[in-house]
Amino acid sequence: MRPSTLARRLAVILAALAVAASLPAAELVLTLTDAASAPVVDAVVSLHPLDAPVPAPGPAAEVEVVQSDGEFQPLVTPIRVGTRVRFPNADSIQHHVYSLSPAKRFDIPLHGGASAPAEEFPLPGVVSVGCNIHDWMRAYVVVLDTPWFALSSDAGLSRLEAPAGRYRVEIWHYRLAKPDAYEVTLAESEPLAAARALVLRRDRRPARAPESGGGGYR
Amino acid sequence: MCPRLPTARDRLRRLFAAALGALCAVILTPSARAAQSIPILVETSASHDDNLGRATRPADKRDDTAVRLAVSAEDARVLRRDWLLSGGLAARGEHWVEFERFDTADFEARLALRRRFGLGPTAPALRLAFAGGPRVARVDDRSGWTGLATLEFTHRPWTFLRYTFAAEGERIDTRDTFYDITARTFSGELAFFPSDRWTISTGVASRFGNVLAFSSPPPTWRFLSPYLSTVPLRRATDFFDVPLNAYNVEAATVEGSISVSYALNDSTRLSLGFAYADTRRDGLRYLNRTFTAGLARRF
């Protein structure tokens, strides 16, 4: 990249950040529960501005989804478009990490203890990640084109800070048939506390428990 | 006084002790647990067969329960994007509660090559597997070598359903050739996964090959009967509480089975199964009903 282009991009990013910082901050506190009133964990809540442009992404960040003890850690990773994700294998057995999702397709065979160059996620969407050797392993990288997002905690709580204004709230969970969305207006005066009940589907991922008779690598 | 030569029973005991010792060392030694990352699968089951000796006459039928213990470890390597090579070792023991002369212990090496037509659990897969190794039987003449070759096609079109077709070739070479077994089996299985914990599966299999069948020694005049003259191999045995003749015959078996299993957690599964086998040869028919309860745990 030429220095002048880089400088121009940096200026745009700084200007966007300055505009965002100058706007009064508002807060959304969302509690998610399922049909049985149990907290919904690992849901991604994001805010998409309806009356203002989305701030440009900052410098590409890098995050990790680790393969450890035959599972991906964490299960759900929300990221901004352009973020790079590394998939280090902390196990001493081999894994074969792959995605068939339209937002990002890849496959990386990884020997025990190895890592691979980070993968860039340039398109918004949900990227379902699996292991082609251990079918029960799965992870989700939720790629968002907004800087305002949060992952629900063990208590089903998501706390988001954004400039005051009108937003579309999107809630994604891997057991939702389709993302839940509704409109909200955030004011700077006080946090907006809301609760949302979600109808979750049955979890049908292949079981990790051994099959009767062994089963082997089928 | 001459030292007593080890019998098959002694060898069986020693091998069981060695296998259990190795297993305990791996499971109980913290450093060994930390060092090993290849999962070890331990399976135990109890199985009741209502006609262990495949007898046709009611007076000859004997039922019994077998307890089985199997320990195995398997690892896999990606050869190319769609090709997976896996290999492992297994030790299996089978003990019949009442008629313990049927007891066996198998030690097996396994090698399999899997070709998946795509990535992920819903991609169809073809698998060629070989397994084989020494068998130690309580009746020394039944000790020998076992070998199994399997070609299997598996497809899970949806996460809740999987079907499998398999062709198997089996060979057991024993010390006394009377007990040799050669068989081929074609089978199909349908597995339904209503949740990530429950599995319901049903299968059918068609097997053609050697089976051992037992019956009371016939009266002397029956040796002249046309049927017995067609049975090439016959042996007087003491497998049961009464002397029964063993026949090694080639027969066709059709088997239907159904099983239900429940995952207690990510490493433990309980299963219950029922199988009905119908074996026929030259107008004779051997029926077997088998109930099995099993527990599998991955360490």
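In which sense do β3(A) and strand β7 of chain A run, and how many bridges join them?

Guide: The model is a predicted one, and in it β3(A) and strand β7 (residues 84-86) of chain A run parallel, joined by three bridges. Within this pairing, A:E62 stands opposite A:R84 of β7(A). The two strands belong to an open sheet of three strands in chain A, ordered β3-β7-β10, in which the pairing is mixed. At its edges lie β3 (62-64) and β10 (119-120) of chain A, each of which pairs on one side only. As a general point, strands of a sheet pair through backbone hydrogen bonds, either parallel or antiparallel.

A further set of pairings in chain A involves β11(A), and here the sense is antiparallel. Strand β8 (residues 95-101) of chain A is joined to strand β11 (residues 125-131) of chain A by three bridges, the two running antiparallel, and A:Y98 has A:G130 of β11(A) as its bridge partner. β11(A) also pairs with strand β12 (residues 138-144) of chain A, again in the antiparallel sense, over six bridges. β11(A) and β12(A) form a hairpin, with six residues between them.

Seen at the level of the whole chain, the secondary structure of chain A comes to one helix and 17 strands, and 33% of its 218 residues count as buried. Of the contacts in chain A between residues at least 6 apart in sequence, 64% join residues at least 24 apart. The domain assignment divides chain A into domain 1 (1-57 + 147-206) and domain 2 (59-145). Where these two meet, the contact takes 12 residues from domain 1 of chain A and 14 residues from domain 2 of chain A. On the side of domain 1 of chain A that touches domain 2 of chain A, β2 (44-49) and β13 (149-151) of chain A each supply at least two residues, and the residues of that side divide into nine nonpolar, one polar and two charged.

The predictor gives the complex an ipTM of 0.80 and a pTM of 0.83, while chain B has a mean pLDDT of 87, with 83% of its residues reaching 70 or more. Over residues 30-36 of chain B, however, pLDDT stays under 50, and the model has four contacts beyond four places in sequence for them. Where pLDDT is low, the predicted coordinates should not be read in detail.

Conventions. Residues numbered from 1 in each chain as written. Chains lettered and ligands numbered in written order. Predicted model: local features only at pLDDT ≥ 70, side-chain atom pairs only at ≥ 80, totals over all residues. Helix = DSSP H or I, 4+ residues; strand = E, 2+ residues; numbered from the N terminus. Buried ≥ 20, exposed ≤ 12 C-beta atoms within 10 Å, placed from the backbone. Contact = placed C-beta atoms within 7 Å. Pairing = 2+ DSSP bridges. Domains from an automatic or database assignment. Nonpolar A, V, L, I, M, F, W, Y, C, P; charged D, E, K, R; others polar. pLDDT = per-residue confidence, 0-100.
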